[in-house]
Amino acid sequence: MLNAQQRQIQTARYKRYIGTTSEVMVEGRNEARVQWMGRTSQNKTLNFTAPADAPPTIGSYVQVRATASFPNSLLGELVV
């Protein structure tokens, strides 16, 4: 019961980031989901999509717009 309450709180807090653009350090790529992974300056995990013709470089900083939230991460798209 406590874990369910915590997930609700985390999801609500992450929803505040939807529609915002954050600077993200690219950490890697998830081939199974065809997404890139990174962290914001607030240490939030943000998984995002990027155009196939302009992939980011691991270790670089990119601008990403958050489009959805989950209990432990955000989902977004690269701002080109």
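User: Which radius of gyration does the protein have, and why does the value agree with a compact globule?

Analyst: This is a predicted model. A compact globule of 80 residues would have a radius of gyration near 12 Å, so the protein agrees with that expectation. Along the principal axes, the C-alpha trace spans about 45 × 25 × 20 Å. The radius of gyration of the protein is 13 Å.

User: In what order do the elements of the protein run from the N terminus on?

Analyst: The protein has one helix and five strands. The helix comes at the start and the strands follow, so to write the DSSP runs from the N terminus gives α-β-β-β-β-β.

User: What type of aromatic pair do Tyr 14 and Tyr 17 form?

Analyst: The count for the protein is one aromatic pair. In this pair, Tyr 14 and Tyr 17 lie 6.4 Å apart centre to centre, with 65° between the planes. Planes over 60 degrees apart set the class, so the pair is edge-to-face.

User: Are Tyr 14 and Tyr 17 buried or exposed?

Analyst: Buried residues make up 31% of the 80 residues in the protein. The cut-off for this class is under 20% relative accessible area. Both Tyr 14 and Tyr 17 are buried.

User: How far apart do the centres of the positive and negative side chains lie?

Analyst: The protein has 9 positive side chains and 5 negative ones.

Definitions and conventions: Residues numbered from 1 in each chain as written. Predicted model: local features only at pLDDT ≥ 70, side-chain atom pairs only at ≥ 80, totals over all residues. Heavy atoms only, no water. Phe/Tyr/Trp six-rings, centres within 6.5 Å; stacked < 30°, edge-to-face > 60°. Buried < 20%, exposed > 50% of the residue type's maximum accessible area, 1.4 Å probe, protein only. Helix = DSSP H or I, 4+ residues; strand = E, 2+ residues; numbered from the N terminus. Rg over C-alpha atoms; globule rule 2.2 N^0.38 Å. Lys, Arg positive; Asp, Glu negative; His and termini not counted. Charge placed at Lys NZ, Arg CZ, Asp CG, Glu CD.
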